[in-house]
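Please look over the sequence and the structure shown below before reading on. The report that follows takes up the chain as a whole and then a few of its parts.

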Amino acid sequence: MNKKHILRIAVFFSVTVTACAVALFFAITPLINTEQVKGRLTKSLQDKTGIDIRFNQLAFTFTPLPGFSITDISARFDQTHQVTVNKALVELNPVQLLKLNTVVRRITLQSPQLIGNKTVAGESKSTAPPDFAASVQNGFNRLLELPLADTDHLDIIVTNARSNYFNSMDCRVLMTGRTRAVNIKAQISGLRLETHHIPTLESALKGRITSLNVPHLAVDCRHDENTFLAGTLKITSLQAYLETPKDHCIDARELDLKFALSKYRMTAHLAPLELIYPKGRVGMDVSLSTGQEASIIKFTGEHIDISQARQVCLPLLNGLQTPQTLFDILRAGAVPKITVGFKSKDRRHLFEAENLFINGCAESATVKIPHVPVMVHNASGCAEMNDGVLSIHPKGGHVAKTVITGGDLDINLIDQHTVPFSGKFPLKVDLAELPATLISLLPDTALAREMSKISGLKGRADAILELNQTQAHKDLDVKVEAKNIQAQGNYQRMPLPITIDDGSFLLDEHKIVLKNISGAIGNSRLSDLNAVFDTTGPVPMNIKNMAANIVLEQVAPLVDLFPGARKKLGPVKTFSGIMDIKNLRIKGPMFAPGLWQVHMTGRVKRGNVIFSNRTKSISDIFCKFNATPSTIKLSEIACNIQEVTWLEKNISQDYTQSIVLPLALTRGQFVKQPETCMFQGQLLTISGAKISFTAGGPAMNKITISKLQILDEERTQADVIFYKQPDMPKINFSGKLDTTTLENMLHPDSHLYRKLRAVTGENALIISTDKTSNITITADTLNIDPIFSRKKTASPYRSPGPPRPLIEQKEIFFNVNTLGYDQLVYQGVQAKVILSQPTTNIHITHARLCDLDLSARITFNHAGEIPKISTHIFLNTDQAKEVSLSIGCITGSQSVIKGSYTLKGELSGVAQTLPQVKSKQNGHFNFQAQSGRIFKATLLSRVLSMLNILGDTDLRQQGFGFKTFTANAEVKESVVHIKKAVIDADNMAIIAEGWADPLNDSLDIIFLVAPFKTIDTIIKH
């Protein structure tokens, strides 16, 4: 038999068998579909599956595989879901069927429908998170344990499934029971999930996502003994609607997720997808371990819109402090590329802040610094986060008009309360915003209060801002370092505009440091200002050095800023000029000038002082100054004194108006120390005289002159020293003083000019010293009555002890042609005054009083409590004098007697004062006159005229002549007692005796007249 024949027989046999089998199936099918068979099969299925099936729903088929179909199936999936199936086709394994075993090979579910009970779902909300792994494992276990399932191969096919959750689904599940492997492939269209209808989903999302909308998704996953769950999930687009904001939803395109879930690890990879909202591209990698290996969740993003991401993430991640802090810092902008994730060895603590890592950059961002009311706009930079510390490295940005050029910001996200951070930012500062910024950074501080007093500030500076917030301190630590400052503005405490054009500024906590600041206050320039201000220390201000060029006229109003300064200036209304400060140092409380320690050197030029009458009283002031806390020194002082009315508070107006002005002050020096003041200089008068002076005292208001020098060409070269010591004389005079020099300094007919002329007359008085330093006063006229009249008006109270001598010299010589005293005029006075403690002796070697020659000794004794003045006067007119001249001079009237006379006598007296000593004179004198005549109006002529002893001569008109007239008298207590007076007249002799009191204008004299001519003459007359 050939091969072709054998092959023909085999084919024929196969076809025959197949035909018989098919015929058999068609023949058996009606027999099996009887009520008895279906009833028994229905009961068996109900027992196996728990599904209520009626026998009329069941039908047996043998093609293409033997099996049965069930129509109109309805079953409860769980408490909230009902499943209906239009038709389920269960196909059996024919091989096992021939062995009389019922083994399901394939299950096809046609048009199933899953219906959720929304009412029950809403009532069954649970807050417990679902156990995803347990749910998945239970689901696979139920599949693998299906009754009658083929252990080698079970295929479950779902076609055209529908639900109120999706529009349609096609699914195929391929299971191998022996290896416990499951492969699932599904295509779902029109997926719509309302989370509040799905308790487990709502619990997982915590109500933050209200619904999900997926137009189409495809899932392909597997499960076996080695792979708990692995596969891919592809979604064409996804819309997740949020609880807030309600007007936006998460909108993503083309999700491609690969995942794997094992007993010890879960991994997932989401390929970068496009987000419509929030805008960007996002990818994800997840690796979660239940063992010792680290767990990690990592997100990668590109072109993320921060504002949209913030709007979505904040409500989604509500309750997590870390994202709240991150998005509080990062408000808006774009992220070109970023990696964000969590990594931890303990999966339970994976989402804690210390496990967060970030690496990325941002552009055009809006950033808020924690705890600081400062918002950075248009910021760019990069950031990374490790160990709970977020490090931000800005490359640019601006706060209003202030530009950020770089920097670093480290934020500790581990602490859940204070969020400690530190930042350092280089800035291009718009100073107009500085006061408000610092006030917001440091509220309720001394610096903030002073910053609030700044207005109209404008300018720029390069600055570095450092901010630190620590757990230990609640207050924010702020440090600002600025340089290249260009600023203009106003400060409430300073009524002048302030300009800064260079220098650096440092604010470190409560300390402000200025370095090399230069600028201006008004038109006054400042430079090299270096200062430290500490708002907490006991000495908050320390100006280490500063130079300045001050326009005094502008800063004059600043005097009112210092309490008591205006009062110290006295009558000064204002001042002007330029003050060049070479170096200024000030240390002390800023707002307590009285406690400042000032060190200052410099000079004043072109200065003017204006007093109350608004005229320049002192002009063209120049001086150098050096001030320390204990000493003020002014040197090289020069100025013009235009008027001196400002002295009238301390000096009489009569004196100030007598001085010829202006006076030029040169070579001046002033030194003020705590317990002493010194002022010296030289005054140049219009007349050319130079007055050099030195003055001093314990205080400014107690300053007195200690030395005076007057130079007036050859006329005057005088030095006067004034002693303050109580055991020293009042003055020491040396040189030569011509009163003409003094007259030239005074206005004619002024008070002082008249006073001087009253003493010296019209001619000059010269005071000079010789080689032995004795003083000589030479004068044509000297009237000392004005001098003694001032002494009479002096206080009657006398200090204990002897009075201080007037001058230091022991001897003073007087050469005076005419001396006026006590309304009497002395001629040719030559005298010597000897000064010795406790007496002063005046020796008048020669003087003429009304042509009477006299000499005298006057002694002032200051010893003891009661002073004594003694006088001793010698009258010695040896040469005959004309008595009419002397008597007329003494009486001040026309002479009543003439003739030549001589007078000798001596008077002495002791008293406490000069007026008293006049009434205490004692002594004697002898008077002789000859060849004279006594005229009318005398007492003697009136007496004799009554007697008419001279015949026809009228004594009252012609008087009488005498040959001699002699008188001897004694003086007791200034009363003249005439012991013997004889007049040898032409026709008689007269003898007189008695007393006369010239001080009281009284007398008692007896006259004896002899001889008488005849009785007839007596009777006749």
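## The chain as a whole

Of the contacts in the chain between residues at least 6 apart in sequence, 48% join residues at least 24 apart, where contact means heavy atoms within 4.5 Å. The chain holds 21 helices and 49 strands; helices (H or I, at least four residues) and strands (E, at least two) are DSSP runs, numbered from the N terminus. Of its 1021 residues, 39% are buried, a word that stands for under 20% relative accessible area, with exposed meaning over 50% and partly exposed in between (1.4 Å probe, protein chains only).

This is a predicted model, in which local features need pLDDT of at least 70 and side-chain atom pairs count only at pLDDT 80 or more, while totals for chains, interfaces and linings use all residues. Residues are numbered from 1 along each chain as its sequence is written, and side-chain values use heavy atoms, with hydrogens and water left out.

## Helices α7 and α8

Helix α7 (residues 306-316) and helix α8 (residues 321-329) have axes that come within 10 Å and cross at roughly 150 degrees, which makes α7 roughly antiparallel to α8. Here the axes are lines fitted to C-alpha atoms, for helices over the stretch in contact, and angles run from 0 to 180 degrees between N-to-C directions; angles under 35 degrees count as roughly parallel, over 145 as roughly antiparallel, 65 to 115 as roughly perpendicular and the rest as oblique.

On the side of α7, the residues that make the contact are I306, A309, R310, C313 and L314, and on the side of α8 they are P323, Q324 and F327. Sorted by class, this contact has 6 nonpolar, 1 polar and 1 charged residues, with Ala, Val, Leu, Ile, Met, Phe, Trp, Tyr, Cys and Pro counted as nonpolar, Asp, Glu, Lys and Arg as charged, and the others, Gly among them, as polar.

## The buried side of α9

In helix α9 (residues 434-441), the buried residues are P435, L438 and L441. They lie on the same side of α9 because they cover an arc of only 130 degrees around the axis, the arc being that of the directions from the helix axis to the C-beta atoms. An α-helix has 3.6 residues a turn, so residues three or four places apart point the same way. Among the elements that cover the buried residues of α9 are α10 (446-451), β21 (454-469), β22 (477-491) and β23 (494-508).

## V551 in strand β26

V551 belongs to strand β26 (residues 541-551). When its neighbours within four places in sequence are left aside, V551 is in contact with N523, S524, G577 and I578. The C-alpha atoms of V551 and V604 are separated by 10.0 Å, and these two residues are 53 residues apart along the chain.

## Backbone details

Most residues other than glycine have a negative phi, and most peptide bonds are trans. The peptide bond from Y277 to P278, however, is cis, with omega near -10 degrees, and P278 is found in the loop between β11 (265-277) and β12 (280-289). L661 and P662 are likewise joined by a cis peptide bond, with omega about 5 degrees, and P662 lies in the loop between α13 (653-656) and β31 (663-673).

N160, though not a glycine, has a positive phi of about 50 degrees; N160 is placed in strand β5 (residues 154-163) and is partly exposed, with a relative accessible area of 39%. N378, also not a glycine, has a positive phi of about 55 degrees; N378 lies in strand β16 (residues 375-386) and counts as partly exposed at 45% relative accessibility.
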